[in-house]
Amino acid sequence: MRFECQRCARCCGDTSHRGRNLLLTKSEVEEISEKTGLSPLAFATPISNKGAYQYKMKKRGGKCLFLDGKACRIYDIRPLVCRFYPFSVCKKDNKYIFNFADDCPGIGLGEVLSEEVFEDLVTEAQFKLKTS
């Protein structure tokens, strides 16, 4: 799999053919709140029945509140769902299966991603989901 981010910011909000839900864990909301000085309800809406994901990022004009032009203002602490994009993962028969968003213009570009890149994503997800 080849991928190179094109800095298009499509992943940061809705497109003409798909709405984007930017789901957040409780610990992500707490970290964003601490780093930005904003109260959680200023940028996140509580949701139910999403397991570890207890919040949804608020959007303005269909885009994440933290998007400034095509740059993320919280990039260093961006949520797990943002770190994974354009990939998603599910566990099946004790194996992790990665899918990708075929509408992402960075798919097929750049260097071939190593297995280690995907292993690191899974490790990060396991840690973040345990601490939420």
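How many bridges join β2 to β4, and do they run parallel or antiparallel? Select both strands to find out: three bridges join them, and they run antiparallel. Strands here are DSSP runs (E, at least two residues), helices are DSSP runs too (H or I, at least four), and both are numbered from the N terminus; two strands pair if DSSP finds at least two bridges between them.

Before moving on, note that this is a predicted model, where local features need pLDDT of at least 70, side-chain atom pairs count only at pLDDT 80 or more, and totals for chains, interfaces and linings use all residues. Residues are numbered from 1 along each chain as its sequence is written, and side-chain values use heavy atoms, leaving out hydrogens and water.

Next, pick Leu-23, which stands opposite Lys-56 in β4.

Then turn to the largest nonpolar core, with 13 residues. Such a core is a set of buried Ala, Val, Leu, Ile, Met, Phe, Trp, Tyr and Cys residues joined through side-chain atoms within 4.5 Å, where buried means under 20% relative accessible area (1.4 Å probe, protein chains only). α1 (26-36) and β4 (53-57) each supply at least two of its residues.

Finally, click Ile-32. Beyond its neighbours within four places in sequence, its contacts (heavy atoms within 4.5 Å) include Leu-24, Phe-43, Met-57 and Phe-66.

How values were computed:
Buried means under 20% relative accessible area, exposed over 50%, partly exposed in between (1.4 Å probe, protein chains only).
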